[in-house]
Every structure is written in C-alpha cells, then in structure tokens.
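This report goes through one structure by topic. Please keep the sequence and the coordinates at hand while reading.

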Amino acid sequence: MEGLRRSSSLVVLVLIALAVFSDSHDAQVLSRRSLLANGLAATPQMGWNSWNHFGCHIDEKMIRETADALVSTGLSKLGYVYVNIDDCWAEIFRDDKGNLVPKKTTFPSGIKALADYVHKKGLKLGIYSDAGTYTCSKTMPGSLGHEEQDANAFASWGIDYLKYDNCNNKEIKPILRYPVMTRALMKTGRPIFFSLCEWGDMHPALWGANIGNSWRTTNDISDNWDSMLSRADQNEVYADYARPGGWNDPDMLEVGNGGMNKNEYIVHFSLWAISKAPLLIGCDVRNMSKDTVEIIANKEVIAVNQDKLGIQAKKVRMEGDLEVWAGPLSDYRVVVVLLNRALVPYTITVFWDDIGIPVKSSVIARDLWKHETLKQRFVGKLTTTLDPHSCKMYILKPVN
C-alpha cells in the first residue's frame, strides 16, 4: 500500500508539472525534442569537485594543484577529467555591466586563465552557479534573471561543466527556472555539461532528461554510513529514468574524507558505480591515502559505471539488513553488489532467477575487489559471507 501511495503521488506530481508547463512559455521550449543536444554524458561524468572537502575554502592555486594531482596520480587516465569549482568563487556583487566577477582575493588570475591551465593538462573545468538570486553560501550572486549573460561568460572562459544549484529561488518552481539556463547554454554553441542540483525537490528524474545531463535525486550527502546509504536508497527509486545522456545523481563521493572506514567506503563506491551515478571525487586528491587510491582507482569497478549499456542497477532482493543489487552489463553480463548493512557478519545468497540469468546456467564469477575470477562454476545461485558494513561485487557471465 505504501508503494501504491508513493507511485500515486509521483503521478500527481507529473500531472501538476505538465499543467504548469502548458501554461508557460517554457512549455514550447521543453516540447522541443533536443532542448539539450550537447552530445555529452554518454556515460556518467567522472572528475573532482571542491565542495565536500573544502567548502568555501578554495582558490586558484588549489584548483591548479588538484589538476596536477589528477594527472600525476593517473586518475585522469581512468576517466576523472572534470575539475569542478563549487560555490564561493565570485564576488558578492556583479560589475556595472551585470557580469559575474571572479573573487579577487582567491581567483586573481580569473577563470579563463584557470580554464586554459586545466585544458593544457588534458582536463576539463567545471564551475558553479544557482537558479536563484544568490548561491547557497550567499557569498555570490545566482544566475536567476542573468541566465544568458552568465552562460555567455562561462562559454567565453572555456567552461566545460556547470553545476546549477537551487537556493534562494523566489519560490519559482524548478521546472520553470532550469530550462532557461538550458536554453542559454545551448545558445552559446559550446558543449557544457549541465548538472542540475535540484536536490530531488520535484522529482527531477521525471523531467530532467530534456533539460540536463544529470540531476540530483537527493539532498546533500554527509561523510557517514547512514547518510551515504540513504542517498543510495533515494536514488535507486528512479533507476528506470537513467540512460546515456542523462543520469541520476545521489551527490558526490565522500571516499577519502575520513568519516567512514575502508569497507564502508568500498560499499559507497560500489553502490555509486552500479547505480551509474556520477563519480566525482570529493576528497583532497593532493593528499590521498593508499586505501583511498585503491578504491577510487579500481578499474574494474569504474568499468561497471562506464559500461556502454548504461542501465542503472536496482535492488532485487531485501531481507532485513541484507540486500542484492543487480543490473545488466554489455556482452550478456550481470553485475551484482551483495550488501550487509548490519553490524554483524551474515551469509547472503544471490539467486539467478532474481537477476535475469536462466536458473540452470553455469556462471563464471569475477570478484571486482579481489581482482580474481573464482575457480568454482556456479549454477542457480552464489552464496558468500559478508563482514559487517561491507559488500562484495561480482560480474557474472553465463558460459552455456
């Protein structure tokens, strides 16, 4: 019954949204088949963002050093190419022509010079704004009412990515505010990845595909086990709406920030990967532990996230604190995450008929965290034991 109520509420919200669109100028915009035709996001975006670790304590020196570190650690070769500046990069007031002004004390060289530096490294530069009068920090202006002017500035600076937040929005519905920036970005002629940070307020998964390349399905993540899992749970509800060109976003990674242990961070990274979530590193990549690098540089797990089939995994079985998450991959493979949310060890089984593999199939299992193919061939099911707050991640390949 609860599921029925939730589904009914989603339908009502969709009908309300459609009614609003039909009475607005943006209805004409949204009806165009290719409102956002920037050719980006064939797979979920990968890179780094400043907010989770640094908050407002950012400057151009740190951004340059981060770009250097992404290259020197080899992370850029794994796909981590976006260097995204979050809130607090601009002055509180626009100039006399209404332009955003990079903060003189922290970004004295300006954003274009920073973009040039990042591009020479083979990376891409991202920036932040807000579909409101001020950003969430209230330390710089938002872009509401200045969408075209700001989009032109971003394009002229060489920006490759825009994270667009939802604060101080004059209570104007996001389904009216966000398309204005989409149209402005498209008019610049520069392909700019458009990340809607709407917090899941009005279920952006239901309408975001024509407007953005990804959309936040949750409020902000915190660096702890409960927050991380709740974001994964909320995001999973919208699995059917993710596809190449547009992805569900449960917020940025906390791996390496110190609030969880290694096993918990492995769960975090595994769930984000199998959920086709953006892989945006949120720690200080200039100073990472061996464990952090081991997690975020796991090529096999990254390959799941970047798989060309582009289908987000779902929970297929839940029994108390035990869960099976699964989804199809290219080349007739299936990826599973077996998760123990409890504080004690448990044995868990994944059954073929829960994950779309014929019951009598013989299956090869590849353990993505041990980087080994299990010697046993499995028929009908696979059983393993999980430590507290941990998971195992397998790619299953039928062989007959």
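Predicted model: local features only at pLDDT ≥ 70, side-chain atom pairs only at ≥ 80, totals over all residues.

## Overall fold

The secondary structure of the protein chain consists of twelve helices and 17 strands. The radius of gyration is 21 Å, close to the 21 Å that the globule rule gives for 400 residues, so the chain is as compact as a globular protein of that length. The C-alpha trace spans about 70 × 50 × 35 Å along its principal axes.

Of the 400 residues in the protein chain, 55% count as buried. Taking the contacts between residues at least 6 apart in sequence, 71% join residues at least 24 apart.

## Disulfides

With bonded cysteines counted along the chain, the pattern of the disulfides is 1-2, 3-4. One of the links joins C56 to C88, with an S to S distance of 1.8 Å. C56 sits in the loop between helix 3 (51-54) and helix 4 (60-72), and C88 in the loop between strand 2 (82-84) and helix 5 (111-120), so this pair ties together parts that are 32 residues apart in sequence. C56 is partly exposed, at 32% relative accessibility, whereas C88 is buried, at 3%.

Another disulfide joins C136 to C167, with an S to S distance of 2.0 Å. This link is right-handed, with 95° about the S-S bond. C136 lies in the loop between strand 3 (124-130) and helix 6 (147-157), while C167 lies in the loop between strand 4 (161-165) and helix 7 (174-188), so the pair ties together parts that are 31 residues apart in sequence. C136 counts as partly exposed at 30% relative accessibility, and C167 as buried with a relative accessible area of 16%.

C197 is in no disulfide. The nearest cysteine sulfur to C197 belongs to C136, 6.8 Å away. A disulfide needs the two sulfur atoms within 2.5 Å. C197 is buried, with a relative accessible area of 2%.

C391 is in no disulfide either; the nearest cysteine sulfur, that of C283, is 18 Å away. At 10% relative accessibility, C391 also counts as buried.

## Nonpolar cores

The largest nonpolar core has 87 residues. Those with the most contacts inside this core are Y80, W89, L125, F269, L271 and M393. Its largest share, eight residues, comes from helix 9 (residues 262-274). Apart from this core lies another, of 18 residues, among them A326, L338, I355 and L386.

Which residues does L125 touch, not counting those up to four places away in sequence? They are I63, V83, N84, I85, I111, L114, A115, V118, H119, I159, D160 and Y161.

## Helix 4

Helix 4 has 13 residues, which at 1.5 Å a residue should span 18 Å; its end C-alpha atoms are 18 Å apart, in agreement. At the start of this helix, a side-chain oxygen of D59 reaches to within 3.1 Å of the backbone nitrogen of K61. Just after the helix, G74 takes a positive phi of about 85°.

The buried residues of helix 4 are E60, M62, I63, T66, A67, A69 and L70. Their cover includes strand 1 (46-49), helix 3, strand 2, helix 5, strand 3 and strand 8 (279-281). I63, one of the buried residues, is among the contacts of L125.

## Helix 7

Just after helix 7, G189 has a positive phi of about 80°.

## T349 in strand 12

T349 is placed in strand 12 (residues 346-351). Its side chain makes a polar contact of 2.7 Å with the side chain of T383. Leaving out residues up to four places away in sequence, T349 touches V324, K381, L382 and T383.

Conventions:
Residues numbered from 1 in each chain as written. Heavy atoms only, no water. Helix = DSSP H or I, 4+ residues; strand = E, 2+ residues; numbered from the N terminus. Buried < 20%, exposed > 50% of the residue type's maximum accessible area, 1.4 Å probe, protein only. Polar contact = N/O pair within 3.5 Å; in protein donor to acceptor, adjacent residues only side chain to side chain. Contact = heavy atoms within 4.5 Å. Core = buried A, V, L, I, M, F, W, Y, C linked by side-chain atoms within 4.5 Å. Rg over C-alpha atoms; globule rule 2.2 N^0.38 Å. Expected span 1.5 Å × (residues − 1).
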